[in-house]
Amino acid sequence: MAQKNIVIVGAGFAGVYATKRLAKHFKRNQDVSITLIDKHSYFTYMTELHEVAADRVDPEAIQYDLQRLFFRQKNVKLVTDTVTNIDRDKKLVKTKHGAYPYDYVMLGIGSEPNDFGTPGVKEHGFTLGSWEHAVDLKQHIEEVVRAGAVEHDPEKRRALLSLVVVGSGFTGTETIGELRDWRDALAKKNKLNPEELTFTLMEMAPTIMNMLDRSDADKAERYLVKRGVKIMKNTGVVGVHEDHVDLKDGSTYPTATLIWTAGVKATDQAAQFGLTQGRGGRIVVDETMASKDDPDIYVVGDVSFFDGHSDRGEPQIVQGAEASAGTALKNIEAKIEGQPATIPYKASYSGFMVSLGSQYGVANIMGWLHLSGFFAMLMKHLVNMLYFLQNFSGYYFFQYLMHEFFRTRTDRNIMHGHISRQGNVLWAVPARIFLGAMWLVDCAGKVSGKESWFIDKLRLPFDWLQPAATSGASAAGADATSAASGAADTATAATKAVFSLSYQYGKDPMMVFEKMPKWMYNITKAMIPNQDVAFFMQKTMTVVEILIGLALIAGLFTWAAGGMSAMFTVIFCLSGMFYWVNIWMIPMSIAVMNGSGRAFGLDKWVVPYLQKTFGKWWYKTPKALYGTDVVK
């Protein structure tokens, strides 16, 4: 077979999908060459741009290096360049720095925001059509909020601290939800009252989120309103300025940050190829995804326009991109293998999922399963992870897990921050719970049963606690007298009674100390002079041990509970009643002091509350401006 060259232009969802599958299909065919050309050396996970713009994840979190994506596909050549034209006569794809022969071309150059010519959007507005847009928007928001925090003029301050999103489609809705999630961290960083930061969603239609079923859209709307997002329906933006926007009804709205998500169109690059364009500048294709001008040029993803099902074309979403790429690649395979290339496009939309921040979303799966809240977000994450598995990228599957679940800087993940590794506390949680359980198990025999220290103090088995010098004393007639026969023996016996732990563990384990050190003996003698004090200390210490165990299991005041656990264990060692087999309790107690109660523990809420409450009581509320009544 003669050499066949397939050139894929654009490493978006459609281009990556097609390249992966073509490479797999022809991996044993040395006569087929596949070239993927993109102006960037990476693939951008476009559906997560809002997470970068609102500082949930680092910018690099949605950038996936093409070489890492295709390191297994040896029959794929990667080219970083900008395509300028397609010479259909010479069958060359021309770029700024070269030319590549082709037998078949697949164009997947994507889309860009469409401002419909609204004055001022390009000069003063922001869009979310690329990784660069997301980074620029994030930097802008940080700058205007910083400026707003120290602005004395109330009107200027209001505009600087007002964030407006125009358009309630997938991008607009997810962006406003994510920005609202960022509010408290932004406010804290700039010493602002969070209520001063306002978020507004503007929509020209009478309803919002019209790509969803009304029940799902209504749930999403209620959630946004509950979180303080202002929703303005029937609101058209007709002009954008540096510190305000003009509305269709003649009024103005103050904002220094307008994010335009009200429409998309084919990239301007689409006009360079001399192919027939339709609605929104999209290139017209037939049902096989081939251009109507050239059967060897296939157009996929957002830039393609197929009106077989709707005069508006197919939805410009990931599922549509991959479905069109799947149709095109099958027809290319058929042509190369000498078969009829007549496989038609079939729409396949398994559902829609919209996130409204990191912890809440709505989803419609397969048209009948409606999810909201945690389960909708879980489904969204599962779909994203499935994408990496389907595209054979275990490395980026792992990176996605890290960025979305374990490397979040605040509580902005599906588990409300419990599994974040930023504080490196998650993996100490099992140790914390186990250590707490050990304390409770040890105390169980002290508070219940016939040996309980709380039932009758005469049941205290002082005979086995006696030191060697008095171990022969009879326990039958003079238990108390023998136990207190000398001050030294009383002190030793009482200490062992009070600080007895883990005596039951092991058959004949090695003691940490065979006998109490002299200096410990002297301290104990002074603190516990007689048996009555010993009984009181016995009960008190048991209660404290129980509290330590409960605190560790609940993750409450973990730093103090871990410290007390370590301190008590050291004392037990010095009392001559502790074994080497249980010495692990000391390093484990120290380890859980690292804040392990903030993961699946009460410290996650209690400690910040106490810090905030006592901080305000002692220092008052920090402000960005003093000596002014601007901040209420």
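Where is the place of Ala2 relative to strand 1? Ala2 lies in the segment before strand 1, which covers 4–9. This is a predicted model. Its protein chain holds 19 helices and 26 strands. Buried residues account for 52% of the 632 residues in the chain.

**The chain as a whole**

- Take the contacts in the protein chain with a separation of 6 or more: 67% of them join residues 24 or more positions apart.

**Ala2**

- Ala2 has a relative accessible area of 53%.
- The cut-off for exposed is over 50%, so Ala2 counts as exposed.

**Helix 5**

- Helix 5 runs over residues 131–149, which makes 19 residues.
- At 1.5 Å a residue, helix 5 should span 27 Å.
- Buried residues in helix 5 include Trp131, Ala134, Val135, Leu137 and Lys138.
- Further along helix 5, His140, Ile141, Glu142, Val144, Val145, Gly148 and Ala149 are also buried.

**Helix 5 against helix 7**

- Helix 7 covers residues 170–189, and its axis is 11 Å from that of helix 5.
- The two helices pack at an angle of about 45 degrees, and helix 5 and helix 7 are therefore oblique to each other.
- The crossing of helix 5 past helix 7 is right-handed.
- From helix 5, the residues in contact are Lys138, Ile141, Glu142 and Val145.
- From helix 7, their partners are Leu179, Trp182, Leu186 and Lys189.
- This contact between helix 5 and helix 7 has 5 nonpolar, no polar and 3 charged residues.
- Lys138, Ile141, Glu142 and Val145 of helix 5 are buried, and they also meet helix 7.

**Helix 12 against helix 17**

- Helix 12 spans residues 429–447, and helix 17 spans residues 558–574.
- Their axes come within 12 Å and cross at roughly 50 degrees.
- Helix 12 and helix 17 are therefore oblique to each other.
- Helix 12 passes helix 17 in a left-handed crossing.
- Helix 12 brings Arg432, Leu435 and Trp439 to the contact.
- Helix 17 brings Thr558, Ser565, Phe568, Thr569 and Phe572.
- By class, the residues in this contact of helix 12 with helix 17 are 4 nonpolar, 3 polar and 1 charged.

Notes:
Residues numbered from 1 in each chain as written. Predicted model: local features only at pLDDT ≥ 70, side-chain atom pairs only at ≥ 80, totals over all residues. Heavy atoms only, no water. Axes fitted to C-alpha atoms, helices over the stretch in contact; angles between N-to-C directions. Helix = DSSP H or I, 4+ residues; strand = E, 2+ residues; numbered from the N terminus. Parallel < 35°, antiparallel > 145°, perpendicular 65-115°, else oblique. Left-handed = near helix turned anticlockwise from the far one by under 90°. Contact = heavy atoms within 4.5 Å. Nonpolar A, V, L, I, M, F, W, Y, C, P; charged D, E, K, R; others polar. Expected span 1.5 Å × (residues − 1). Buried < 20%, exposed > 50% of the residue type's maximum accessible area, 1.4 Å probe, protein only.
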